[in-house]
Amino acid sequence: MAVIEVKVPDIGDFDEVTVIEVLVKAGDTVKAEQSLATVESDKASMEIPSSAAGVVKEVKIKLGDKVKEGSVLLMLESSAAPAAAPVSEEKQAAAPATPAQAATKTVASAAPAAAGPMEVRVPDIGDFKDVSVIELLVKPGDTVKAEQSLLTVESDKASMEIPSPAAGVVKELKVKVGDTVNIGDLIAMLEGSTAVRAEPVEALAAAAAASPPPVSPSTSSGRTDVSAPAAAMPAHQPGAPTGNLPHASPSVRKFARELGVPLEEMKGTGPKGRITEEDVKGFTKAVMSGQAGTKASAAKAPAGGGGAGLDLLPWPKVDFAKFGAVERKEMSRIKKISGANLHRNWVMIPHVTSYDDADITELEAFRVAANKESEKSGIKITMLAFVIKAAAAALKKFPDFNASLDGDHLIYKQYFNIGFAADTPNGLVVPVLRDVDKKGILQISAEMGELAKKARDGKLSGADMQGGCFSISSLGGLGTTYFTPLINAPEVAILGLSRSAMKPVWDGKVFQPRLVMPLSLSYDHRVIDGAAGARFNTYLAQVLADFRRVLL
């Protein structure tokens, strides 16, 4: 392992830039291309990546330092070879033009030299492809000056504003927010242009060259050649903000988008009010704890006012006392908490409910007989205990039902904890039975009885209601046929049980009286499709009809 110096690469025509963020510390392990620090000039900000992978031995810079090309940022213990030296301007000038440069020159030569309609296209933005349009800074009918920014595009490394090549009136915009564009793509039509630049990249070439290549500083800072390999685009100019683009690095804006954090509503604690990753994390914690809110959440009125932020009609305000005697009671704490959770789950989760019937004739006969044998132990065996055991077998057979969503990933659990809804005087609670696949019916019944008693007495702890994989809501004792149970996030499915009833079932020759229990399975359609939901319900019904299947 060799200790190498990581230096500031070619940053174009900028003499000195200011360090506004140090993103690593001594002892950190970094990858090649990982950002080490953020620097800022009066024109742009950029993240400087590591030229190799390794372990940071010593950081040579601090916030507020002035650095330039060749300044040592840190010492890195790495087995990788040091990056190649920058190519001189003379060598680069002698090199043949890249396709991107040729396209840029074609765009430049095609621009009109006199007043009249002209096409405005994306200039050379280096080797980046499919950059996203994140902000439109003008609209049709606006009068713009030469060099005035028209829109903002962003890659995963940096953002930049694309300027107008001439003065005139915006006749038509050819892109919208969310579109992806590349070099040469048409972005606007300009009318009455009075001055066309000789080179469409001239105004932004220096800023583009100022963005260092992620692997090694291997290109020149020439004004007409900014196609350095993976060169980062210049970031937003915080000194002259336009539109609503916040003063934050591209990586921070990407992090905020993933969390749904509105950066325009935040105040940064970094230099010049820059928003840092810690600011985003702190804001998220404050919102989750109720200490802060967003404009979107402020628009959501509580029950009794507002349209819940969904552009609905306001909740009706009614003086109920005008029509007769009323009594006003405060909702219980459990109902307030569970109500908010259920509201979120119903709005956020695309529910689908599949219905089926399970023939439990033989299982009920076995349950009654088993209860007679277990009278001395004081354990009462309920049908719910059998359903919980059968559900564990179904979860093993269909692992998607034993998963949870985590962003774009699915977390598949290797344990089988099942919650059951318990009705209490204060509201609905869901205690959790753990590792039910490893327990027999008697043990499940005993633990259910203990947890149900704790629930009725209001003595359930937080731990008693955590770690569930799948929930069961049983309304059979209350008398209902089918219903739509609401999924208990972050789970992806829930089973509803209704009242069993004797029904005539055709056996191929005659109708036979059979005890049938209705099943209502709700599942998250983002994770589970209709076919899987039907298979799960069918398998569960088969197990309940012949419990020997649990052994298979």
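Residues are numbered from 1 along each chain as its sequence is written, and because the model is predicted, local features need pLDDT of at least 70, while side-chain atom pairs count only at pLDDT 80 or more. Side-chain values use heavy atoms, with hydrogens and water left out.

An open sheet of 4 strands runs in the order β9-β16-β14-β11 with antiparallel pairing, where strands are DSSP runs of E with at least two residues, helices are runs of H or I with at least four, and two strands pair if DSSP finds at least two bridges between them. Since β9 (118-121) and β11 (143-144) stand at the edges with a single partner strand each, one side of each is left without a neighbour in the sheet. Strands β14 (residues 168-173) and β16 (residues 186-191) are joined by 4 bridges, and L173 has A188 in β16 as its bridge partner.

The whole structure holds 9 aromatic pairs, counted when ring centres of Phe, Tyr or Trp (its six-membered ring) lie within 6.5 Å, and called stacked under 30 degrees between planes, edge-to-face over 60 and tilted for the rest. Two of them are tabulated here.

| Pair | Type | Centre to centre | Between planes |
|---|---|---|---|
| F398 and Y539 | edge-to-face | 6.0 Å | 70 degrees |
| F401 and F536 | stacked | 4.2 Å | 25 degrees |

F398 lies in the loop between α9 (383-397) and β18 (403-406) and Y539 in helix α11 (residues 530-545), so their pair ties together parts that are 141 residues apart in sequence. F398 is buried (under 20% relative accessible area, with exposed over 50%, partly exposed in between, for a 1.4 Å probe and protein chains only), at 15%, and Y539 is buried at 13%. F401 and F536 are buried as well. One aromatic cluster is formed by F398, F401, F470, F536 and Y539.
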